[in-house]
Amino acid sequence: MLHVPVKVKLPFLWGRAVFKKYDWPNINLVVGPNGSGKSLLVEAIAKEFASSGYSIKFFRADEDESKTALSIVQGNEAVRQKIQAVLSSMFGKTIVFKQGEDGSYIPVVVNRAWNVEYNLEEVECHGLREIITLLCALYANTGNSCLVFDEPELHLHPQFQQFFAEELRRVSARHPKRMYFIITHSPFFIDLRFPEELFGVLVCHTNREPTHIEALGRRDEDLLARFLPRFNSYHKQFFFSDKQIFVEGYTDQQVFTSLLPYVSDDLPVAGTGIIDVGGKDELGVFCKICALLGTDSRIITDLDSLFGGKLRDVFCSDPRSQLWLERQEERQMPFYRLIFTERELGTKITLEKLIVRLERYLAVIGRALCAVPGSTGDSEQTSGPLENEIALLVEKLDALDQKHSRAENVDTFKTVVLQGVMTEGELQEQLERHLSTTVADALPKVRNLFNLILAASSAAGVFILPLGCIEHYYTQSSVRYMPVAGKDRLFHMERKKLLRTAPATVRRDYAPLIAILESACSR
């Protein structure tokens with residue numbers, strides 16, 4: 001890390017805020033949506049570096065830079081030889097620079113097998129011209145310099161983008177005092193292998209100052225070290241927009257992507273993408289990275305995320321959820337007095353505290369349901385069969401109770417109890433009839449507490465599917481409780497229907513999911 005104090009003010013872009021950064025790795029990535037001021041930011045940073053003794057060079061994909069690159073090739077044989085070797089390797093052909101009648105050098109393909117030569121610049125113009133420009137800038141650079149590559153991905157195949165990112169890493173390792181900035185919209189340049197490399201990511205935003213990471217705690221370092229190897233180019237879309245929404249799996253991604261066109265026209269949907277990350281623990285990591293980088297991520301997740309995993313840790317510690325709870329405290333105090341003792345009210349009400357209290361209620365209700373007369377957990381079996389609604393719930397809980405020694409501590413058990421408590425209609429009457437008065441009195445508390453937790457979580461950008469998971473919103477199948485079997489088969493049935501249904505019917509049948517999507521898009 002090099003110490004170069006930088007302070008940048010661009011009031012026409014982000015008001016009175018000041019961008020500050022003092023320590024810099026060799027390679028710095030400047031990302032963000034169009035119009036967020038990436039180039040202006042780097043120009044201002046470059047002036048600060050110039051005042052610290054660095055020579056500044058900007059490279060953009062234009063005709064002038066191409067001519068500059070060819071002049072370097074002409075005057076520097078070492079650079080010319082190196083680029084010849086690299087190009088030959090990249091294109092799988094023998095490529096040399098030959099001097100033309102005007103004294104300039106042009107890249108020529110030599111095919112010895114067929115005794116053919118041709119001008120590569122004429123045949124494969126744009127990509128070749130760009131990679132020559134980039135390599136010349138990289139190889140010919142000397143001294144205490146700061147190189148800025150502005151959108152180097154233009155005209156470059158993704159494989160060549162990856163190649164240049166790797167070549168830049170290799171060259172910078174040999175010259176640790178040289179600085180490199182890449183202004184990019186390409187995920188192929190987000191080449192992060194170690195947690196500390198995130199210090200070089202500058203994220204620009206629309207109408208607010210850029211953000212970056214100054215330091216990482218040990219737990220964050222360990223978390224990111226395990227995560228980065230699974231961080232692919234598809235995931236990296238969130239670096240280029242604050243509007244990305246993360247979901248657990250591909251079925252969620254497909255359904256919500258299909259529903260995006262049905263979001264209200266009044267909401268800022270343009271640029272929004274749905275990214276699946278492969279599990280709720282991965283959601284927690286993405287949520288953490290976005291929080292560290294200052295990117296306003298949105299997450300839609302299954303109900304069981306409330307009861308364990310990295311995501312719960314992240315959104316419970318998010319200051320936005322805590323701020324929301326503090327603003328609600330006076331209004332909610334009568335309810336808090338119903339569910340907490342005076343001693344418990346002496347400490348701060350946090351989202352984690354609310355979820356723990358919810359878990360206690362669910363454990364008591366779940367154990368009581370496993371013991372109701374007529375259930376398999378009831379040793380007396382003195383009464384007749386249970387009504388259909390409560391019988392289905394009890395059957396699911398009994399199966400989990402038989403499978404786990406302390407089922408009330410299992411996320412799925414808690415989720416099923418909560419699904420039952422939140423189900424409207426006949427089940428509510430049956431629960432009140434079969435549970436003791438003391439346990440039944442907890443039911444409205446659980447409902448109120450759950451709605452409070454949902455609201456506090458959404459303040460942190462985490463939107464929990466209250467029915468359970470995406471399959472509980474399907475129209476072509478009836479799914480009750482979790483876990484859900486045969487998810488892939490159910491998804492393909494639903495997707496077929498969703499893609500072939502008239503817009504008015506989609507809006508009606510998927511109204512609950514569209515409402516959740518609109519809540520996420522409105523943040």
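Analyst: Let us begin with a term. A nonpolar core is a set of buried Ala, Val, Leu, Ile, Met, Phe, Trp, Tyr and Cys residues joined through side-chain atoms within 4.5 Å. In soluble globular proteins, nonpolar side chains tend to be buried together. Please note that the model shown here is predicted.

User: Which residues of the largest nonpolar core touch the most other members?

Analyst: The largest nonpolar core has 115 residues, and those that touch the most other members are I131, F239, L306, F315, Y336, I365 and L369. Take L306 as a case: leaving aside neighbours within four places in sequence, L306 is in contact with R312, F315, I355, L358, L418, F450, I453 and I464.

User: How is the packing of two helices described?

Analyst: Two packed helices are described by the angle between their axes and the distance between the axes. Consider helix α14 (residues 351-370) and helix α16 (residues 411-422): their axes come within 9 Å and cross at roughly 85°. Angles of 65 to 115 degrees count as roughly perpendicular, and α14 and α16 are therefore roughly perpendicular to each other.

User: Which residues of α14 and α16 make the contact?

Analyst: On the α14 side they are L358, E359, L362, I365, G366, R367 and C370, and on the α16 side F413, K414, V417, L418 and V421. By class, this contact of α14 with α16 has eight nonpolar, one polar and three charged residues.

User: At what angle do the axes of α8 and α10 cross?

Analyst: The axes of helix α8 (residues 218-227) and helix α10 (residues 280-293) cross at roughly 120° and come within 11 Å. The two helices are therefore oblique to each other. The crossing in which α8 passes α10 is left-handed. D220, L223, L224 and F227 of α8 meet V285, F286, K288, I289 and L292 of α10 in this contact. Its residues by class are seven nonpolar, no polar and two charged.

User: Is R357 buried or exposed?

Analyst: Buried means under 20% relative accessible area, and exposed means over 50%. R357, found in helix α14, counts as buried because its relative accessibility is 8%. Not counting residues up to four places away in sequence, R357 touches I339, F340, E344 and L449.

User: Is P229 buried or exposed?

Analyst: P229 counts as exposed, because its relative accessibility is 67%. P229 lies in the loop between α8 and β12 (245-247). The C-alpha atoms of P229 and F194 are separated by 9.2 Å, although the two residues are 35 residues apart along the chain.

Technical notes: Residues are numbered from 1 along each chain as its sequence is written. This is a predicted model: local features need pLDDT of at least 70, side-chain atom pairs count only at pLDDT 80 or more; totals for chains, interfaces and linings use all residues. Side-chain values use heavy atoms; hydrogens and water are left out. Axes are lines fitted to C-alpha atoms, for helices over the stretch in contact, and angles run from 0 to 180 degrees between N-to-C directions. Helices (H or I, at least four residues) and strands (E, at least two) are DSSP runs, numbered from the N terminus. Angles under 35 degrees count as roughly parallel, over 145 as roughly antiparallel, 65 to 115 as roughly perpendicular and the rest as oblique. A crossing is left-handed if the near helix is turned anticlockwise from the far one by less than a right angle, and right-handed if clockwise. Contact means heavy atoms within 4.5 Å. Ala, Val, Leu, Ile, Met, Phe, Trp, Tyr, Cys and Pro count as nonpolar, Asp, Glu, Lys and Arg as charged, and the others, Gly among them, as polar. Buried means under 20% relative accessible area, exposed over 50%, partly exposed in between (1.4 Å probe, protein chains only).
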